[in-house]
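Let's take a friendly walk through this model, one piece at a time. Keep the viewer open as you read.

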Number of protein chains: 2
Amino acid sequence: MTEKKLVEPELLKGFRDLMPAQMIGRRKVVEVIRQTYELYGFVPLETPALEKIETLLGSGEEADKLVFQFSDQDEQRVGLRYDLTAPLARVVAQYRELPKPFKRYQISPVWRYDKPGPGRFREFLQFDIDTVGSPSMEADAEIIAAMSDALMALGIQRYGIRFSNRKILNCLIAFADIPAELTLKVFRVIDKFDRIGIEGIREELTKGRVDVSGDKIPGVGLALEKVTPIEKFLSLPKGSRTGTIEAVTQLFAGVPGADEGIGELKKISACLEALGVPEEKAYIDLTIARGLDYYTGPVYEAWLLDAREFGSIMGGGRYDGLVERFIPEKIPATGASIGVDRLFAALQKLELIETVSSTAQVLVTVMDRERSDEYQRIARELRTAGIRTELYLGTEKGLRKQLEYCDRQGIPVSVIAGSNEFQANQVTIKDMRKMLVEGPKTADRKEWLAARTGQKTIVRADMVSEILALL
Amino acid sequence: MTEKKLVEPELLKGFRDLMPAQMIGRRKVVEVIRQTYELYGFVPLETPALEKIETLLGSGEEADKLVFQFSDQDEQRVGLRYDLTAPLARVVAQYRELPKPFKRYQISPVWRYDKPGPGRFREFLQFDIDTVGSPSMEADAEIIAAMSDALMALGIQRYGIRFSNRKILNCLIAFADIPAELTLKVFRVIDKFDRIGIEGIREELTKGRVDVSGDKIPGVGLALEKVTPIEKFLSLPKGSRTGTIEAVTQLFAGVPGADEGIGELKKISACLEALGVPEEKAYIDLTIARGLDYYTGPVYEAWLLDAREFGSIMGGGRYDGLVERFIPEKIPATGASIGVDRLFAALQKLELIETVSSTAQVLVTVMDRERSDEYQRIARELRTAGIRTELYLGTEKGLRKQLEYCDRQGIPVSVIAGSNEFQANQVTIKDMRKMLVEGPKTADRKEWLAARTGQKTIVRADMVSEILALL
């Protein structure tokens, strides 16, 4: 046999491994959200990672370019799902017998053929909820309430959910008398309001501007008198739901179609009131646009006031054209998506997630290999009591190295037993959080152990209760 | 704009959707296993779905053919993971600083370019545990104990885990004096012992046989005197761990290398004793081969005695060559894999999994759309009490249709309130499990309701406690 060439152990560009500490933290986040969403009666669905390419394409030119697509071994064009909405649409179109409303959640990775960069990955976890088959604004309000509850359940105090309605933005076009062909351009500028402010908006809507890096941003070319109504619109008060509704009602008095959008805002506001979502958590911000070609009514997005740099960490809206690519029918739908990895990164920054790299609560160290059955009995006893217990299986024979391993893994308690303990029917338990692993290198074992804190020797029969008291 | 052609809503061949009832059930199974494995201190890891093709190939010709592989948009050869072991090997080789032992679990889909068929899918969920960096038989015993605990925790009474050691099979070759070039062929025949019995083994090892469907199965061509020692080996007693060990020790007396394999069996047996895994649950069966090129020591597999047709639902072993494709180093590893979908199907057959298609415990029906805020307040109150509550958001206005929806979704309790109830500050609660949805079609609502059972009208303040008592 010839020697085989070694394979370089590396990831594909744009991909990453989630090591235990991240996985344990992310799992907690997902669980909290899942439990919150289930309180609202959402049910889980899972669709395959691979779909026919036609199922995935068609939600916009930009998106289509990012679909991970290829020919499989049968020369069939297939793709990895780009989001969880296209598969949902396929499911709803395919299983016509599904009871409606169909309120589903899906927690799955999605793939995008994006340019990899710092914090930009080609695979990431999405957590979506959608209510399919309900035209009612109550469904939209419920999504907002569920988002709000989820953020609260994650321990976030300072967050904001802003919502608006695409129908209101459409009214603005009539109100400001914008030529139809400029609509999308104007929306794209308005969408930047947060970042560039009213001054920037005015420049970009007219003659353009030069940004901080010196780049010239071309203007839309509107006359100044058309910008004035837009500025009025952007300056409408936020903060009080009824206040914003009153203001936009006045501003858009007589604008055709305004009643419908404003009526929907009113209905959602009333529902949020009944559902107990306060105004400072969910308010109307008429400047948000979100997914210009996609949404047909309410839109909403959440962000963390103390981690604004992460942008919107949840977002969604109503898209009543959900299944129209598949069947000649309108089925109303509304829902929100969470970028779990981004949310998790924000929670880490806010120190709302404790990072531990171990699931075990106890490490049983092994001082005398000949008595491995004794150590296994200890481990078994702890596990039977529901205590997550790792028996040290490594190759280190010394106690110090084993305790270093325990410390490094973040396991809070260790159990130590040697021939003395076994003879006396005792064990030593050690609260690792109270100890310094680095002892004087020259000290012998006894001295070194004595110098540590958080350690006591107890009768074996008390082991479980003493450890439970520590945890 | 021209009308777009509709896309046929369908899955790729070999793929499937997991609808809520399956997802809810499967999630429960996964959670039980996860909690059991965490009791042993295993920690979660996640690797990307896509890997460099070289990372995935090389675990055997058969397997290589089944890797879902393609060129991505950059013309790079990539593949979807075929199992969770190759990515683990890459991780261990890539992050040399990982503390050892590294005891990880991973719950992820894998993809195989297999011929689709009934019950054979191209995407399925695997749940693996592996202990990397421990050469000790204690690690193997722990995997067996964790498998056993997991099956017990799933409510399975009758299961068997059989284990053996590849080193023993290697001794058989010396013992029976089989020419080296026939080794693999002989192992493949022995692996069929369960299905074809001693008679079938004898025929296949010698002149071949004709199976039930009339197909000719060629024989290995051994002389009958070489088959006799193999038959002796296959007839060794099972059932008692010490009994089997004694018998094989006698049979293989003087066979070079036998001590090592038998010593490992002894050590695992002693550990299982200490870990409290009884002999009827985990016994030695020297006839199991499993992954001929792959495993280097202990092998083990679990099956359900009342669902034998599902084959082995968990299996694994020790493979000390884990990282050798990546780095010139031997890192010992042992671990087991569960085919979650197959296990779930078996549990369904054994009726150990209750199938519900809803997460909600209560459906709040809506009789008077004008009072939607009242219904939302009811829903909110229930959710605040931790009761998973769906507010009916569908388009059906009639109570009967809404209750039918409730019944179809398997939601156990419904809340009904109309103007009478609101005025009297009451609600009606209904135990759906006690009611027949199909009432006499001609009866009016009052009659129809009165004819049902499991329904009572209570004061609103008692709603939460009364419903909690029902759940």
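**A sheet, its helices and a pair of chains**

Helix H13 (residues 372–384) of chain A lies across strand S14 (362–364), S15, strand S16 (413–416) and S17 of chain A, and runs at about 170° to S15(A). Here contact means heavy atoms within 4.5 Å. Axes are lines fitted to C-alpha atoms, for helices over the stretch in contact, and angles run from 0 to 180 degrees between N-to-C directions. Helices (H or I, at least four residues) and strands (E, at least two) are DSSP runs, numbered from the N terminus. This is a predicted model, in which local features need pLDDT of at least 70 and side-chain atom pairs count only at pLDDT 80 or more, while totals for chains, interfaces and linings use all residues. Residues are numbered from 1 along each chain as its sequence is written, chains are lettered from A and ligands numbered from 1 in the order in which they are written, and side-chain values use heavy atoms, with hydrogens and water left out.

Another helix, H17 (residues 463–470) of chain A, lies across S14, S16, S17 and S18 of chain A, running at about 5° to S17(A). The strands belong to an open sheet of five, in the order S15-S14-S16-S17-S18 (chain A), with mixed pairing. At its edges are strand S15 (389–391) and strand S18 (455–459) of chain A, each pairing on one side only; two strands pair if DSSP finds at least two bridges between them. From one strand to the next, the twist averages 25°. Strand S17 (residues 426–431) of chain A is joined to S18(A) by five bridges, and the two run antiparallel. Within this pair, Gln426(A) stands opposite Val459(A) in S18(A).

The axes of helix H6 (residues 166–175) and helix H11 (residues 258–274), both of chain A, come within 8 Å and cross at roughly 150°. That makes H6(A) roughly antiparallel to H11(A), because angles over 145 degrees count as roughly antiparallel, under 35 as roughly parallel, 65 to 115 as roughly perpendicular and the rest as oblique. On the H6(A) side, Lys167(A), Ile168(A) and Cys171(A) meet residues of H11(A) including Glu260(A), Ile262(A) and Leu265(A).

Finally, how does chain A relate to chain B? A rotation of 180° with 0.0 Å of shift along its axis superposes chain A on chain B (RMSD 0.0 Å), which is the relation of a two-fold axis. Copies are superposed by least squares on the C-alpha atoms of residues with pLDDT of at least 70 in both. Phe70(A) comes closest to the rotation axis of the residues of chain A, at 3.3 Å (C-alpha). The copies meet through the same surface, because 99% of the interface residues of chain A are also interface residues in chain B.
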